[in-house]
Amino acid sequence: MSTTTPAVADLSPDELRAYVERAGAELEDAHPEEILAWAGATFGSDLVVASSMGDEILVHMAARAVPGIDVIFLDTGYHFAETIGTRDYYADFTPINLRTILPLRTVAEQDAEHGPRLHDRDPNLCCALRKVEPLERGLAPYGAWVTGMRREDAPTRTDIPVVGWDAKRGKVKLNPLAAWTQAQVDEYVETNGVVLNPLRQSGYASIGCGPCTRAVAPGEDPRAGRWSGTSKTECGLHT
């Protein structure tokens, strides 16, 4: 049974959208942990964090601000071992309820249906099968979800709100780190001892699936290591 704040649960979709857009304006300058605490108090068990374990600071903050919060991790079958290890650390040593969501087909089954290395030939389809569809199933029980997106990440993200409306899914979408710079992230990580994905030490600034992610050179755009050599910039989860 959901423990969503009754006043929010009773709102129509249009009223809820207006409510969260007002909240987003009011919380624009708030600390991400404050935004997460507000979301936990407002949406209760109807709130979930979606994490790729390349946004470790978000999971760390969520565990502090909303102990026991649900976190969904999309296990694409292509993750680096370091990413799986990071997931296991947060599942075992922080107060979160981690749910791993799997694609409908294993990598071997997908290879049998579409041919090997679909990620090289049609990365959009591969992401749709192994990320987007599992996310839809993972989010289905919830009315509000949290991401680690920041406006600095990519040109496609410069206008994301800290609290807003996901019109595609008819859900509340929170990006508590949206306004933070990389310098603020780095300072928080150092001050609070955030456990990072070990790939960070090898130059991976943005971490996704192994076949489609590379380390970046100093000064290179952090997203340059994702789908390098193609025009693809997003996996489809946020578009």
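Colleague: What should I know about the model before we start?
Modeller: Residues are numbered from 1 along each chain as its sequence is written, and side-chain values use heavy atoms, with hydrogens and water left out. Local features need pLDDT of at least 70 and side-chain atom pairs count only at pLDDT 80 or more, while totals for chains, interfaces and linings use all residues, since this is a predicted model.

Colleague: Happy to begin with helices: are H2 and H3 roughly parallel or roughly antiparallel to each other?
Modeller: Helices are DSSP runs of H or I with at least four residues, strands are E runs of at least two, and both are numbered from the N terminus. The axes of H2 (residues 13–26) and H3 (residues 32–43) come within 13 Å and cross at roughly 155 degrees; axes are lines fitted to C-alpha atoms, for helices over the stretch in contact, with angles from 0 to 180 degrees between N-to-C directions. Angles under 35 degrees count as roughly parallel, over 145 as roughly antiparallel, 65 to 115 as roughly perpendicular and the rest as oblique. H2 and H3 are therefore roughly antiparallel.

Colleague: And which term describes H4 relative to H9?
Modeller: The axes of H4 (residues 56–65) and H9 (residues 182–192) come within 11 Å, crossing at roughly 55 degrees. That angle makes H4 to H9 oblique.

Colleague: Which residues in H9 do Ile 57, His 60, Met 61 and Arg 64 in H4 meet?
Modeller: Contact means heavy atoms within 4.5 Å. On the H9 side, the residues met by these four are Val 185, Tyr 188, Val 189 and Asn 192.

Colleague: Now to a loop: is Thr 76 buried or exposed?
Modeller: Thr 76 lies between strand S2 (69–74) and helix H5 (81–93). Buried means under 20% relative accessible area, exposed over 50%, and partly exposed in between (1.4 Å probe, protein chains only). Because its relative accessibility is 1%, Thr 76 counts as buried.
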